Amino acid sequence: MTKEELKSRLGELLPSATFEEGTEWTTIMIDPSAWKGIARQLRFTPGLDLDYLFCLSCVDWKTHFTMVYHMESTLHRHILVVKAKLDRSDPEIATVSDIWRTAEFHEREAYDLFGVRFTDHPDLRRLFMTEEWKGWPLRKDYEDPVNMIKL
Amino acid sequence: MIEELSTTEQGELVINIGPQHPSTHGVLHLIITLNGETIRKVEPHLGYIHRSIEKMCESLSYRQFIYVTSRMDYLSSHINNHGCALCVEKGLQIEVPPRAKVIRVLMDELTRMASHQLWWGALAMDVGALTPFFHAFREREAINDIMEETCGARLTMNYIVPGGVMIDLHPNFQHKVKEFITLFSSKIDEYDDLVTDNVIFRGRMEGVGYLSKEDAISYGCSGPTARGSGVSCDIRKLYPYEVYEQLKFEEIRVTGGDCYARYLVRMGEMRQSLSIIGQLIDNIPEGEFQAKTKAVLKLPKGEFYSRVETARGEFGVYIVSEGGTTPYRIKFRSPGFSNLSALDHMARGHKIGDLVAIMGTLDLVIPDIDR
Amino acid sequence: MLAACRLKLAAYTMFSIENITHSIDAWLYRQFNPSMALLLESLIVGLCAIGLFTVLGLVLVLMERKVSAYMQIRLGPNRVGPGGSLQTVADTLKLAMKEGLTPDGADGFLFNLAPYIVISVAMMILAPVAFARGFQIWDLNIGVLYVTAVSSLSVIGILMAGWASNNKYSLLGAMRSGAQIVSYELSAGLSIISIIVLTGSLRISDIIASQQDGWWIFKGHIPAIISFVIFIIAVTAETNRAPFDLAEAESELTAGFHTEYSGMKFALFFLAEYVNIFIVCAIGSTLFLGGWMPLHIGHWSGFNHIMDFIPSSIWFLGKTFSLIFLIMWFRWTFPRLRIDQLLNLEWKYLLPISMFNLLLMTLIAIKGWHF
């Protein structure tokens with residue numbers, strides 16, 4: 001599907017989503033509380049078939065977090081970017097590890113580095129840091145006088 | 001290296017493998033739950049070489065951060081750098097001169113071959129055949145010599161800059177690469193004779209570590225791991241960059257899903273890389289090797305994503321820029337990370353000896369996973 | 001030496017060891033009373049056996065390292081002594097000076113006894129082996145049966161080592177080695193029997209004498225060649241050599257049954273492994289390739305006369321070392337078999353084939369369809 005077709009199709013399916021302009025790939029912003037249902041729709045709706053989640057990241061905007069999901073359909077070869085704004089004081093969003101198995105590790109990484117909690121995740125533990133580590137290293141306000149050297 | 005951790009209630013044994021390994025995979029710590037000889041669960045523990053590269057890059061300029069990625073997947077260092085440079089060029093709308101494009105692709109394919117050669121030697125060594133390792137490294141030396149002459153380094157090349165390459169090719173480059181092509185075309189047949197058709201090797205590889213097509217896509221596997229299960233995912237074919245559109249090469253896909261299929265994919269890729277190098281080496285266009293760019297690069301506000309095909313799979317660079325001289329947030333989508341998540345699924349029900357074979361065909365480089 | 005040589009061949013060369021042994025024998029009996037002479041002779045034989053053991057160990061370890069090095073495009077030991085020839089002396093000295101640790105909770109008596117059992121077995125098998133014409137320690141009438149029976153005793157030493165180490169992984173490794181050795185003894189035994197069927201005698205000197213007009217591998221044509229191939233495979237498995245060395249492979253369960261051994265005891269295990277290889281190759285060359293008998297073709301007396309000029313000890317050593325080289329070649333070429341594949345190979349393939357081959361050989365022997 002081309003970008004325009006995808007945009008119109010998504011507009012029908014997800015009326016609550018807002019589109020971002022001027023990006024390389026179709027980008028939508030959704031409400032995190034509706035993420036699970038939307039993810040299922042994106043994965044299983046024939047014509048969309050977004051089965052390949054190739055990047056799951058989190059961006060710390062100092063006032064809020066944004067979860068960014070890059071996904072692709074191996075059948076139709078279109079790419080969609082889904083964003084969700086999270087509250088910085090209590091970042092929480094539904095897990096999609098049962099829809100895309102790759103999300104299991106990616107969400108653990110996001111939890112480890114940002115502190116985002118994924119509800120219903122089968123095994124939400126720190127991935128890179130040790131179990132006893134305090135703090136969320138990739139947040140913009142993370143202070144570590146021992147390990148971080150500011151030039 | 002292997003010590004017993006505990007025994008679960010069902011009488012299953014929990015043992016450690018790593019983080020020090022006799023093979024060249026890096027510091028990977030696996031906790032395996034065994035029932036007798038059969039694996040019930042594999043749990044990787046990562047983070048032994050986590051250097052928080054993503055955080056580091058937030059304080060490096062757009063010219064500097066490229067070279068940190070060489071240290072991530074050090075076997076495809078050139079290709080990683082290429083991905084970063086493509087992302088920066090996308091943001092700044094820089095047009096790369098044709099000569100630089102061809103040089104970059106040549107170096108990419110040489111790096112891919114070097115990586116696959118090391119993979120082949122290490123896999124054969126893991127499975128028990130100790131000699132192919134030396135053969136692989138002997139041929140790899142030829143590529144290292146070529147790299148050293150032009151780029152100055154053998155492993156972490158640091159050769160690409162946004163806009164082109166750092167310096168022009170060495171005058172000897174064409175001659176040496178042509179010599180290498182003649183040398184390796186005969187050697188790769190030797191490799192097939194030695195290992196690929198060996199009955200014992202096939203017995204160790206066939207039927208082991210099955211990954212179905214749907215699982216491969218769901219686990220986010222890319223590169224030879226996914227192509228061994230029949231998934232078409234070669235970024236060079238699907239979303240061509242640089243000069244890949246004008247080249248004649250095939251995407252090697254094997255529908256088998258087991259270790260032997262993944263092995264055949266990489267052997268096929270080596271031959272394809274050889275053919276690509278052969279097509280390009282006589283047709284390097286004259287001209288500039290670097291586009292004119294400002295000394296200090298500032299990407300405009302926005303987000304940019306570039307994808308390249310490394311030896312391990314799809315490498316993605318996601319830059320979120322706020323208009324400054326350093327990126328606001330960089331995310332590196334590493335191929336090994338997703339490939340590793342499929343290890344548990346593939347290894348269940350097999351023996352420990354098979355686990356070694358599966359990890360070998362996944363071609364994991366742990367610094368790539370841990371970043 | 002107590003020579004019971006029954007050959008009537010008259011081609012003596014200057015370097016006949018038999019002359020030397022006869023003269024020593026005669027001198028001793030002249031000087032001392034018979035029982036004293038016998039005692040002294042036994043002492044000399046014992047010392048020679050230990051000396052041979054040591055020299056063999058030295059030579060074979062060095063040979064393995066040099067052969068593996070040349071196959072892997074490198075030089076191997078080349079510093080200690082001319083061309084690295086004294087490397088094993090240095091290694092043995094190092095091992096002798098290392099601390100011999102006994103693990104906590106190990107069964108002290110069995111732990112210390114195990115290496116000595118393995119070594120004694122290896123030495124005892126040297127008795128019926130004919131190194132040259134007339135140069136045999138003890139030509140008993142059941143020579144071949146003695147060899148196979150005594151070699152089975154080494155399993156006891158291995159199991160003892162695994163058990164007494166008080167280490168779960170040593171025990172597992174010892175069990176695996178034990179299972180492997182016991183299984184492959186069957187095929188090896190059946191291959192040996194197929195040659196005995198042709199010779200009609202278990203006495204080593206008879207077997208060699210019957211090869212006066214040609215070696216059994218040529219005279220016995222097809223079944224003998226099948227037996228030979230099965231024999232080589234079976235003895236590679238019996239001596240725990242690659243590709244059947246799963247019990248010792250590092251990426252599997254540590255180092256198998258001799259994990260906990262260090263210092264001199266480990267040196268004894270190590271040496272015993274190499275002497276075992278020598279012995280099984282010696283048996284193989286005696287049965288299939290004629291032992292010390294030069295290559296004779298039927299009754300071509302001219303050709304045979306020329307062949308006889310080469311001393312018999314050179315013939316024997318040449319054949320044995322060629323077989324040793326072949327077994328070493330296997331190690332550095334083939335990957336390793338998994339334990340289930342290993343046992344499958346024996347019970348499902350080698351054993352039925354060798355039983356069928358024995359029947360075939362018996363048919364041929366009865367009908368006289370051999371040369």
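Here is a short chat about a sheet in chain A and the interface of chain A with chain B.

Author: Quick note before we start: the model is predicted, so local features need pLDDT of at least 70 and side-chain atom pairs count only at pLDDT 80 or more, while totals for chains, interfaces and linings use all residues. Residues are numbered from 1 along each chain as its sequence is written, chains are lettered from A in the order in which they are written, and side-chain values use heavy atoms, leaving out hydrogens and water.

Reader: What makes E3(A) and E4(A) a pair?

Author: Two strands (DSSP E runs of at least two residues) pair if DSSP finds at least two bridges between them. E3(A) and E4(A) have 8 bridges and run antiparallel, so they pair by that rule. One bridge joins Val59(A) to Thr66(A).

Reader: Why are E1 and E3 of chain A called edge strands?

Author: The open sheet runs E1-E2-E5-E4-E3 in chain A, with mixed pairing. Strands E1 (18-20) and E3 (52-60) each pair on one side only.

Reader: How do you know that Glu43(B) and Arg125(A) form a salt bridge?

Author: The rule wants a side-chain nitrogen of Lys or Arg within 4 Å of a carboxyl oxygen of Asp or Glu. Here the N to O distance is 3.0 Å, so the pair qualifies.

Reader: What does "buried" stand for in the area between chain B and chain A?

Author: It's the accessible area (1.4 Å probe) that two parts lose on being put together, summed over both. For chain B and chain A that comes to about 3,400 Å², with 56% from carbon and sulfur atoms. On the chain B side, Lys55(B), Tyr328(B) and Phe337(B) lose the most, together 19% of what that side buries.

Technical notes
Helix = DSSP H or I, 4+ residues; strand = E, 2+ residues; numbered from the N terminus.
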